[in-house]
Structures are given as structure tokens and as C-alpha cells.
Amino acid sequence: MTAHLHSVLREQVLDAAARGLKLTPHGSGSKDFLAQARVGVPLDMRGAQGIIAYEPSELFVTAHAGTRLADIEALLHMHGQMLAFEPPHFGPHATLGGAVACGLSGPRRIAAGSLRDFVLGVTVMDGRGRVLRFGGQVMKNVAGFDVSRLFAGSFGTLGLLLDVTLKVLPRPQAEQTRVLSMSQSAALATLREWGSQPLPVSATAWHDGQLHVRLSGAAAALEAAVRHIGGERLDDGAAPLFWTGMREHRHAFFAGDRPLWRVALPPRAPALDLPGEQLVEWNGMQRWLRSDATAADLRTIAGGLGGHATLFRGGTSALREAGVFEPLAPALMTVHRRLKEAFDPSGVFSPGRMYAEL
Amino acid sequence: MSALPPAHEAHGPTPDRTAVIAALSRELPADCLISDPGRLRAYECDGLMLMREMPLAVALPTTEAQVIATLRACRRLGVPVVPRGAGTGLSGGATPHRHGVVLSTARMNRILSVDRLAQQAVVEPGVRNLAVSEAAAPFGLYYAPDPSSQIACSIGGNVAENSGGVHCLKYGLTVHNVLRVRMVNMEGEVMEIGSAAPDSPGYDLLAVTIGSEGLLGVVTEVTVKLVPKPRVARCVLAAFNDIRRAGQAVADVIAAGIIPAGLEMMDQATTAAVEQFVHAGYPLDAAAILLCESDGTEEEVQDEIARVRALLEAAGATEIRISRDEAERLRFWAGRKAAFPAAGRISPDYYCMDGTIPRKRLAEMLEAMEGMAGRYGLGLLNVFHAGDGNLHPLILFDSNDPDSVRRAEAFGVDILELSVKLGGTITGEHGVGLEKINQMCSQFGADELDMFHRVKAAFDPAGLMNPGKAVPTLHRCAEMGHMHVHHGELPHPDLPRF
């Protein structure tokens, strides 16, 4: 079945290359709102779905790119494991391939790492219609350049993701969420201090005077951490919903039409003095901002602090067309263009989805 | 070793040595350039001492500006550059190029900042791995990757090799702990790759840079993540009378949802060799010994150790000891850390392999290696990072006996090729370099190797940065007979060969 699918895809890729057509691979379309607009002929990558290999004691799962993320997570859950980077789905049918192509990570990122940290291997089709395998199913593998991780967050511009191997981790024995009342600056200072100590903090979110802190680990360790951190316990039934809501942008902060910016900052960046509402995650390293501020102003502020700003959702078409991602330095763009050319010499895949030059 | 490729294989015309030295001496202070043969000798090899080559010159820049000037001069003259850190690498990644210049970053060794509240440090590439943790220690922080050479190896070299260590099962490899690098390419342009903030815009060039074995550029500055030092660490030592049981115990621990801070295995021959050396009091009658470390808060460690103990008992451990204090914990580890020097004491030479296999294939792998040892008539010590399936078989041989060298080499090739066959890789953490370049032809097909060459060319179109390492030419693979070639034609004849 896979061989047949690959040959069909290969024909489409070679045909597009020969005729100068563009293809835009997609899964369920749950994250279409991200990045620059899709152009070209849609190529549905859900032709192959399902788990290819999963061995709990080997700590990896391999699945076809079209597999529903929810199905993978349900299977891992049955075995007491999880995708530790907590990928946002943004829709019930979100696929593995889509998650990897968009490269997003959820609340647990501050403790467990980002999506790319968990990518162990990929099978891809390049712009010459070749099926290429990089990485594998083992944790430690330094043979050849780490091309698998290059595909994480590449928005379908380098090639077609066919299957992906991710590292998986055991779910924590226990979790508890504490709620504290404090200003944004106080929250940032507190989180920095906690970050430098061996505390089992696995997620943090500050909004409107309230700081939510999730602790994960052995039950006894949580009790000790609670004594240190204080705050009120969030009901154990409500806590998972709170963090899923944060991951999926279901929190009331994310409703409405005002442009949603994501500002990524180094750990010590201060509270941003900007008009508009803010929600702070990842110990202050991920700031969500509902603001009509100009892209130039935001990028100057973020850049000045050593970070970068992305127009995550919404905004006028003029604002989006001006570039949702932070522009790249010329030397970096040169390497990006050459990598794009290496994988996709005819410029078939998702042109302009990240940058006009790619 | 005879089947290893000559370091100068790939690159063409012989540059004029005098002109190269003259050009470099215009760019570098006199004490930053070595050209007399006596002093060059110290750079003729890295940790892979079986491969030696004399470079034209060695540049020892102390600043990024000098790195840029060195690279521009070499680029202008078409001279290959071999970047070098502390020279402790085991795969020949820093073996000189006969017609090239070695660029050592060893003198760029300043720690630029250690920030407790950001849990980050900014260091120059020549800073030693352990020095980062030492500088962070007063703040209760440390740098997690801990390759066995950490007292000597440098961060720049760690970036080049994506180094791991005993604790990477829980804390990750270099790629998980480096946030940003500044890198100078062969054209002398500076690139900022990654950042102190999460998720840099664009492609994940940091992932490609880390583990690139000096093929893409010279790193001049590195931002690393620091992690809080766990309050407590304790180690469980378990003895097994059957190595398969020990392998099963490792799988049981992981399957129970425990990710130990370290999970290591030694076979009986290794235990005997190291016991003579460190007198750690290991049980010498055991077929295999497991070391399982737990770290965290006192509560976490107590809880985890109790669970680990129950699992190991159920798996048939014949003896279990739990470190009672820090001195005992270090004693448990002393033997594991002394495995390589101990091998050096019981044999004139040893050859360290680095394959990784899926953990469940361990018994099969061990049996096969036992068979190979018999066939080749050579001794073998087995030490593993058991938690992540990374094996370090030490083949014992005598370099004064050419036949013993030949057998050791063939034995090593067999181990690597079996690792690939079992679904693993030829190198878990030591890199390909020159040593394993032939086995890349077994692990990857022509199309993947072609893509690796294209990725290199995206960073280094001139092909002058550490040429001939890490990725074999398709021609080489065809000659090795590892690659299927139609009608004697190589795929992609248009490709540059470096």
C-alpha cells in the first residue's frame, strides 16, 4: 500500500516539476491559519494513516504522516506514555505530519523540550520524487547530518513528509496545578527564580493577575514542591482542561478577531510595555499578545530583547502579506535558499509559505 | 588502519605551502600560527591515533576576527580547512588534511557569561565541557551533556560531534542543550544560528549544525542551557548471572515508566578488568552488572529507587547494592568511567566501537559479537549506555602485530554492519569522521548520501571545510561494493565530490 502511494505521489511531484506547477501538501487543514497563505494545488497527505511501529519499552512511535495526532496520543495513553512536547492540535483531525511541519510545542515544552527535540527520524519525498530516510528509531544516532529535525517547522517547503518517528516518554506519576495571584512582573521574577531551582514545574501560564503552575512527578515530590510554591490547588478535574485549553487556544483570551502575536523572548526579558492584552507562557519565554501594534514596532521591541515576533493568527491581509515571520539575516537567507534548492530544485513544494524567497 | 581512507583523498591540487604560510602570517600574530614540522607533529591526529597526517600549518586564532581572516585567506588560496577543538574526538573528525590547514579553536576559551536567572551560559568554543559546569556550580546549575572526556573535550568539539554521555538518557544530547551558536562559514561570513529565545524563525539550522563534524563552518560562540543541579543522586548496582536477564531488566525499568539519570551495563570481562584498576568492590562472579542512577529531590529519589529495586529483583538480580553516600556512589561509577583505561592496561591496544541498536536486540547482538570474537581470535570488553542502546565494545588487539590489526579492523566493521542490520546506527555519539566513513555506505543509500552532499554545499559551496570526512563520496561507496550502481554509472555525476 505504501509503495503504491509513494509511486502516486512521485508521479504528482514529477508532473508538477515538469509543468511548473506548485503543490501544497496538507493534512486536515487545522493549522491553515498559520504562516503565509497556501498557494498551489492542494495535496492531501492523509492517503497513508496508521501506526507503523510502537514499542513502549523502546520509547518511540513511528506512524504515517497522515495519522491523526489524537489516535497516536490515545494509543500512548493506554501504555502510560505521552508526546511530551504536548503538540497543539487546533482541530479534532490534526495529523502527525501537520504537527511536525508546523513545529509547534505546547505547555510542557519548558520541562520536556520542543517538538524538534523529539523527532528521531523521517521518511520524506524530495522534489526529485525520491524517497529518503533520515535518522531512525534509536535515541542516539549521529551518522550524517540531522536532516530529520530540519523538517520540523519547515511548513511543507522542503518535501513531503511520509512518516515520522518520535521519541515518547512515560506520563508523570502525578500532576497538580497551583494558582497564585500576582502581577506580570512579579510572576516573571518568581518564575525565573523557580527555574534556577530543581522544582518539578512542567507548565506555567500568567494572565490577568493569575499565575497557573503545573507540577509533574512523583507524588511525594509534588507535596514538597507545593510547600515551596504555595498558592491554591486547582481542582484536579479542571486542571487538565485548563492546560489543554491553553494548548489549543480555547482560553477566552484567544477569542475574538484582534491580531494574535506570538513573541518569543529569552528567559530574562521583562514585562512588555505594550498596548493590548497579554498572556505569558513558558516561564516568560512565550508571550501571546492581542494587539493592533505595527509589525515593525513589535519586531523592534522583540528584537531589542533578543527575541522575535510572529503574527500567529488573524490580522488584515495586508499585515499578513507583509510577512508573518521575522525576516532572516542575509547570510541565513542564503543558506535557506540553497537548502530549499537542494531539496526542491523546481520549487514545487509550498512556495512562499514561510518566506517569499523559499 | 589499512581500510581507512587517506585523509587527503578528496582534494585536488597541491597548494604552495610557502604561499599559504605567508598569507596566514599576514593575518595572524606569530604566536597564533604553527608551521615548523616539529610543532606540527602535535596536531597530526586526534583521539583516533591510528590515522595520522601532517597539515601544512595550524592556525590558533584567539578571536572571531582572526577566524574570519584565516578562513578568508584559505578560501582565496583554495586551501582545505580542518576545524579542531581539543582533539579528543574518537572518529578522526579532526585528522589533518595533507594539503590543508588545521584551525584549532582551543585558545578561544573564555566563559563570556553565566546567568543564573536565565539558566544559560555563553562560552567560546575552546572552553572545556567540565569548565562550564564548574563555572555554573556556584549558582546550583550545571551543563548536562557529560561525555567521558569532559575534563578535556571542548564545547566547540561537542557541538561538532553532538556529544552525549552517561546522563543523556534523561537530559539529552548536545542538540538538546545548546540554544545558539555563532558560526563562520568558509567565505568568512558570520551566521547567528538559533537564539536565547525559543523557536528561531526559519529552518532549524541549529539541528543541522550540531553534529555536522566541522563540515559546515567554524563555531566561535555557543549559548548553552544550564539545568538546576538535582538535590540528591543515588546509584543502584545490580548483579546478574545472565547478560540477557540484565538486558531484560533494562527494558523492564523503561517499560515501568522510569527514565533513570543513567543506566549502564558492563559484562564480566569488563568488570574484572576495571576491578583490578579501581578496586570498587564489584561482584566478580556476575555475568553482567547494571548501574542505575536516580536523581532529583530526596522524595523523588527514594520513590524511584524503591521501584527500580523491585523491578531488578523481579528480573532476577542476584545482588543489589544502593549507594549509601556520595563516596559510595562515585565508587560505583569509578569502574564504569575507567573502562577505557582499564582496557588499555590489559591489552596493548583497544579499538572502541560506538554502534547503537534497538534495546530489545541486545541479547542477539551480544551473542553475535561473542561469535565474532572467537572467529577473529581477539578479546572483547562490553560496556554500554544500556538505557539508550548505545554500545561501546572494546576490541583488544596489538598494533605491533599487523595481522591482529587487520582482524580488529574487520571485527569492528562486522559490529557496525550488524548494528545497521538490527535497525540501529554505526555511531551513537562518536561521529563518522574518517573512521566509519565506509560504513556510511551501508547505513544510507545513494540518494540520502547525495542529499547530505547537497546540504553541505548549501553551507560550503567551495567544499573546502573539512573535506573528505563524515559523508563518503558516491564513488567511494561504489568502490567499496556497498552501493548498487547501474551499468557502471554513478548516480548524479554532476555532484561535487568532497
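Helix α1 (residues 17–27) of chain B lies across β1, β2 (57–59) and β4 of chain B and runs at about 15° to β2(B). Helices (DSSP runs of H or I, at least four residues) and strands (runs of E, at least two) are numbered from the N terminus. Angles run from 0 to 180 degrees between N-to-C directions, and axes are lines fitted to C-alpha atoms, for helices over the stretch in contact. The model is predicted: local features need pLDDT of at least 70 and side-chain atom pairs count only at pLDDT 80 or more, whereas totals for chains, interfaces and linings use all residues. Residues are numbered from 1 along each chain as its sequence is written, while chains are lettered from A and ligands numbered from 1 in the order in which they are written.

The strands under discussion belong to an open sheet of four strands in chain B, with the order β1-β2-β4-β3 and mixed pairing; two strands pair if DSSP finds at least two bridges between them. Because β1 (33–34) and β3 (81–84) of chain B stand at the edges, each with a single partner strand, one side of each is left without a neighbour in the sheet. β3(B) runs parallel to β4 (residues 101–104) of chain B, and four bridges join them. Within this pair, Arg84(B) is placed opposite Ser104(B) of β4(B).

Chain B is divided into domain 1 (17–104), domain 2 (111–228), domain 3 (232–336), domain 4 (347–421) and domain 5 (440–488), with bounds from an automatic or database domain assignment. Taken over C-alpha atoms, the centres of domain 1 and domain 3 of chain B are separated by 44 Å.

Helices α14 (residues 362–376) and α15 (residues 402–421) of chain B have axes that come within 10 Å and cross at roughly 160°. The crossing angle therefore makes α14(B) roughly antiparallel to α15(B), a term used for angles over 145 degrees. Residues of α14(B) in this contact include Met365(B), Met369(B) and Tyr376(B), and those of α15(B) include Phe411(B), Asp414(B) and Leu418(B); residues are in contact if their C-beta atoms, placed from the backbone, lie within 7 Å. By class, the contact has nine nonpolar, no polar and two charged residues.

Between the chains, 64 residues of chain A are in contact with 78 residues of chain B. On the side of chain A that touches chain B, α12(A) provides the largest share, seven residues. This side of chain A has 33 nonpolar, 19 polar and 12 charged residues. Ala, Val, Leu, Ile, Met, Phe, Trp, Tyr, Cys and Pro count as nonpolar, Asp, Glu, Lys and Arg as charged, and the others, Gly among them, as polar.

Notes. Two residues are in contact if their C-beta atoms, placed from the backbone, lie within 7 Å. Angles under 35 degrees count as roughly parallel, over 145 as roughly antiparallel, 65 to 115 as roughly perpendicular and the rest as oblique.
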